[in-house]
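Look over the sequence and the fold, then read the points by topic.

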Amino acid sequence: MIERIWAGQSWLYILLLPLSLLCGVIALVRRMAYKVGLLPSWKAPVPVIVVGNLTAGGNGKTPVVIWLVESLTQKGYRVGVVSRGYGGKAQHYPLVVSSTTTTSEAGDEPILIHYRTQVPVAVAPKRSDAVKALLEAYSLDVIVTDDGLQHYALARDYEIVVIDGQRRFGNGWWLPAGPMRERAGRLNSVNAVIVNGGQPNTNEITMALEGDAAVNLLSGEKCAVSDLKQVIAMAGIGHPPRFFDSLEKKGIQVIQSYAFADHHPYQKQQLSALTPNDEPLLMTEKDAVKCQSFAQANWWYLPVDASFDAQGEIKILNEIKNTIERHKKTCL
C-alpha cells in the first residue's frame, strides 16, 4: 500500500499531508541551521565524498560506493568508507569492520562493502565518530560515506545523489505522504546526479547494474546465471521487483519470488522452507552476506557492478581527483 501511495496511485496520501508538511518544515529548518552555523558541522582533515539519495528505499547507492572506492583505489588513493550501519547493533560505536565482524553488528551494507573492496570501513550513528576512528587507525586520502546526504553534522566536499530511474520521486511529497527526504530542488546544489535505470534528464549520469555470473554461497563455485534456468528468487533490498525483473530479462524462469523487507534478518529455517525440493535459491549479494554462515548447497547469489556512460564516469572521477589533489596541496 505504501508503494501505491508514494507512487501517486492512491488518494490516501492526502491524509498524511499534515505530517509531511511538518517533516518538511523540520528538514528545511534543520538544513538552514547547519548552513548558517547555528548547528555545528565537523570538518574532516581529508576530503569527504557523500553518496546519498533524496528518497526512502533502495536506489543503488551501495554499488556506486563500491565502484567509487575501487576506481579511486586503482588511481592510487587510500580510501576509507563510513556508514550508519543500519540494521546492525554493535556493543559499542564507532565500530571498525574486520573479517570477524557480523552483519548483526555492523549491518549488511558495510560488510558487503568491506568484503568487495577490502578497504577500511567503520560504522557509527554519528558519522564523524566513524571518520575519526578510521583516521586514527589508517592513513587515508579520502573518505566515502555510504548514504548520509541529510547527515549535515558531517561536512562534505563532494555530493553524489543516486536516483531510481523508474520510480524517481514518486508523488514528490515529503515522508510519510511521499518518499522524499528532501525535495527535488536539492539536486541543484549537489555535484553529480546518477540515475539507476530509466531515462535520465539533462545533466544526469546514466547507470546500469550488470551481473551475469552467479556464485554458490557454500562452495564459492561460479557459473553463468542463465545456466540456473529455473530458480526461486528472493530479495531483501529497497526495491525487490528490480532484482526479479532483471532475472527475467536474462531469460531466467523465476518459479516463485519472495520479497523481504530491506535489511531483513534471515534465519536458516526460513530460507530452507522456500525450496522444499532443493530448487536453486537465487538472492542478491546484499542478502548473501547475511546468509553466509548457514549457507546451503542450493543457494546462489548474483553480484552486480555499477556501469556508467563514459562521459559521466570521467566527470565524477576527475572532479573527485581534483578535490583530493587540491586538499593535498593545502596541507603542504
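In what follows, Ala, Val, Leu, Ile, Met, Phe, Trp, Tyr, Cys and Pro count as nonpolar; Asp, Glu, Lys and Arg count as charged; the others, Gly among them, count as polar. By these classes, the lining of the second largest pocket has 8 nonpolar, 9 polar and 2 charged residues. The model is predicted.

**The second largest pocket**
- This pocket has a volume of about 370 Å³.
- Its lining is made of 19 residues. Nearest the centre lie Thr101, Ile111, Tyr115, Val289 and Gln292.
- Helix 5 (108-117) and helix 9 (285-291) are the elements that give two or more residues to the lining.
- Helix 9 gives the most, with 5 residues.

**Nonpolar cores**
- The largest nonpolar core has 38 residues. Leu68, Val144, Ile160, Ile316 and Ile320 have the most contacts inside it.
- Helix 3 (residues 61-74) supplies the largest share of this core, 7 residues.
- Leu68 touches Ile49, Val51, Val144, Ile160, Leu317 and Ile320, leaving aside residues up to four places away in sequence.
- A second, separate core has 23 residues, including Val48, Leu154, Ile163 and Leu187.

**Asp129**
- Asp129 sits in helix 6 (residues 127-137).
- Its relative accessible area is 29%, so Asp129 is partly exposed.
- Asp129 touches Pro94 and Ala124, not counting residues up to four places away in sequence.
- Gly88 is 41 residues from Asp129 along the chain, and their C-alpha atoms are separated by 16 Å.

Methods. Residues numbered from 1 in each chain as written. Predicted model: local features only at pLDDT ≥ 70, side-chain atom pairs only at ≥ 80, totals over all residues. Heavy atoms only, no water. Helix = DSSP H or I, 4+ residues; strand = E, 2+ residues; numbered from the N terminus. Buried < 20%, exposed > 50% of the residue type's maximum accessible area, 1.4 Å probe, protein only. Contact = heavy atoms within 4.5 Å. 1 Å grid on protein atoms, 1.4 Å probe; cavity = no way out; pocket = protein on both sides within 12 Å on 5 of 7 lines; lining within 4 Å. Points joined across faces, edges and corners; volume = space filled by probe spheres on them. Core = buried A, V, L, I, M, F, W, Y, C linked by side-chain atoms within 4.5 Å.
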